[in-house]
Amino acid sequence: MDLPHISSTPTASGTPGGVAAPRDNPLLDPRDLRLPRIADPCVLVMFGITGDLARRKLLPAIYDLANRGLLSPSFSLVGVGRRNWSDDDMREYVADAVRGGARTPWRQAIWDQLAAGMRFVELASFDDDGAYERLTRTVTDLDATRGTGGNRAFYLSVPPAWFSTVTEHVAASGLVDEVPASWRRVIIEKPFGHNRASAQELDAVVSRIVRPDDVFRVDHYLGKETVQNILALRFANTMFEPLWNQRYVDHVQITMAEDIGIGTRAGYYDTIGSARDVIQNHLLQLLALTAMEEPISMRASAIRSEKEKVLAAVKLERAGVLDLDATTARGRYEAGFQGGVPVRGYLEEDGVAADSHTETFAAVRLEIANRRWAGVPFYLRTGKRLARRVTEVAVVFKRPPFLPFTDAATAGLGANTIVLRIQPDEGITMRMASKVPGTQMELRDVTMNFGYGASFNEESPEAYERLILDALLGDAPLFPQQREVDLSWRILDPVIEHWAANGVPEGYRPGSWGPPSAHDLLARDGRIWRRS
């Protein structure tokens, strides 16, 4: 099938988002941060609108954007799914999702404006040719009646196995054919393939219908304020960057822990596992932002270039030797008690195969082969049914080479640490030594805390609000491109292949911090996991 290749065309105003350039209106300056970035009029076609992600995150985010005045009054939403729904049925479903998940208050006028542009297209299956013909007619009608200008975004919130089918049918329908002064974009949810080869195949399919810069791969962690604040912390403050290297940093720990099980996600999770679900995207992206060099600007291309250099330099070897038994750990939660409540083991969860080898805990030790980070280990871990829900980056510094204090005075001291708290208590903690009040010279660790809630009056937007708006604006800094995806799979593929050839994951108690092998991973280097 010959698929058309479209180009990205600037908006009529000449700037992303339709804000007039200074030459058009001298009273408006796009550098003025008080000006909101408002998306162009467009149609957002959402495949998988009846799914859990759409109901919990995407639909509330769209309403919140509209409520904040960041979507054009002409914005239109077309839901595509297998339900036998009318347009009104879809509106009722979206309203329920918004009332249950939106963070901004219900405003009837905003809802009426948004609902007027909602349409539903039923498809019997993802390869239903008739459904794509109806979709084409629906979108064309919205262009004519809602003034959406031919601008179209396609959100693929569908199982990865159907990405190629949906993409090819969208292309064959003519929905992405090039039209002057309009744009076409494709938004893809993770996982981006299940290994390096499948990710490359997916990219080849999507790249045949839209330009690489018009493919937006959603890693929702990159939309979180505290993840973006890593760049501000490092590059807007003189005090940190001189210490951010192998001369002063002992090691880095990156953790994403959850205190819940897989719930109803067995159909997805049992084919993916913790490493593919979290390490390949979220944690390696956090590593890249933590370790990258300073970009020449905040443009997407500049940030992406530095992240790619870091990921290309990541290696699995320890002291020059590749021993994945020594540098990785995996586990699977067993039945037991968590928070005083009995919980099932992973193999007892509904929908999990009895002979499953899927891990619910994964940890890996990495190094970065460059001048800044040579010899500094980066420890990444993620898991289900762990002691608490927390996502953080902990930069642990080396101890002073000499302490003039007695051993008794410093007995309780730990290492200086900067902790970037991603969730749930967003902020930054610095741990340092201080004298205990009294007549004796006794030192103790103290912390200095910055919290978003205490420092800013404005509530942070949800990650999906920022990401959906940026995709509609064509603003790409928060979206990994194919090169980053490819480099991440290069790192993880050997680990997955090694685990597949070496039996079942090690069991661990619910409410613990993972299997014993996870603690051995750091003990081999004379270190321990940070107590989160």
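This is a predicted model: local features need pLDDT of at least 70, side-chain atom pairs count only at pLDDT 80 or more; totals for chains, interfaces and linings use all residues.

Reader: How do helix 1 and helix 13 lie relative to each other?

Author: One begins with the fitted axes. Those of helix 1 (residues 52-67) and helix 13 (residues 463-473) come within 9 Å and cross at roughly 65°. Angles of 65 to 115 degrees count as roughly perpendicular, and helix 1 and helix 13 are therefore roughly perpendicular to each other. The crossing of helix 1 past helix 13 is right-handed.

Reader: Which residues make that contact?

Author: Helix 1 contributes Leu53, Lys57, Leu58, Ala61, Ile62, Asp64 and Leu65, while helix 13 contributes Tyr464, Glu465, Ile468 and Leu469. Sorted by class, the contact of helix 1 with helix 13 holds eight nonpolar and three charged residues, with no polar ones.

Reader: At what angle do the axes of helix 5 and helix 6 cross?

Author: The axes of helix 5 (residues 163-172) and helix 6 (residues 196-207) cross at roughly 10° and come within 9 Å. Angles under 35 degrees count as roughly parallel, so helix 5 and helix 6 are described as roughly parallel to each other. Phe163, Ser164, Thr167 and Glu168 of helix 5 meet Leu202, Val205 and Val206 of helix 6. By class, the contact of helix 5 with helix 6 comprises four nonpolar residues, two polar and one charged.

Reader: In which sense do strand 2 and strand 3 pair, parallel or antiparallel?

Author: For strands, one reads the sense of pairing and the bridges. Strand 2 (residues 76-81) pairs with strand 3 in the parallel sense, over five bridges. Leucine 77 faces methionine 118 of strand 3. Strand 3 (residues 118-122) is mostly covered, with four of its five residues buried.

Reader: Which residues other than glycine have a positive phi?

Author: Two cases may be set side by side. Alanine 181 has a phi near 60° and lies in the loop between helix 5 and strand 5 (184-189). Arginine 385 has a positive phi of about 55°, and its place is the loop between strand 13 (378-383) and strand 14 (390-397).

Reader: Is alanine 181 buried or exposed? And is arginine 385 buried or exposed?

Author: Here the relative accessible area decides. Alanine 181, at 53%, is exposed, whereas arginine 385, at 14%, counts as buried.

Reader: Where is proline 424 found, and what kind of peptide bond joins glutamine 423 and proline 424?

Author: Omega is the angle to read for the bond. The peptide bond between glutamine 423 and proline 424 is cis, with omega about 0°. Proline 424 is in the loop between strand 15 (417-423) and strand 16 (427-435).

Key:
Residues are numbered from 1 along each chain as its sequence is written. Side-chain values use heavy atoms; hydrogens and water are left out. Axes are lines fitted to C-alpha atoms, for helices over the stretch in contact, and angles run from 0 to 180 degrees between N-to-C directions. Helices (H or I, at least four residues) and strands (E, at least two) are DSSP runs, numbered from the N terminus. Angles under 35 degrees count as roughly parallel, over 145 as roughly antiparallel, 65 to 115 as roughly perpendicular and the rest as oblique. A crossing is left-handed if the near helix is turned anticlockwise from the far one by less than a right angle, and right-handed if clockwise. Contact means heavy atoms within 4.5 Å. Ala, Val, Leu, Ile, Met, Phe, Trp, Tyr, Cys and Pro count as nonpolar, Asp, Glu, Lys and Arg as charged, and the others, Gly among them, as polar. Buried means under 20% relative accessible area, exposed over 50%, partly exposed in between (1.4 Å probe, protein chains only). Two strands pair if DSSP finds at least two bridges between them.
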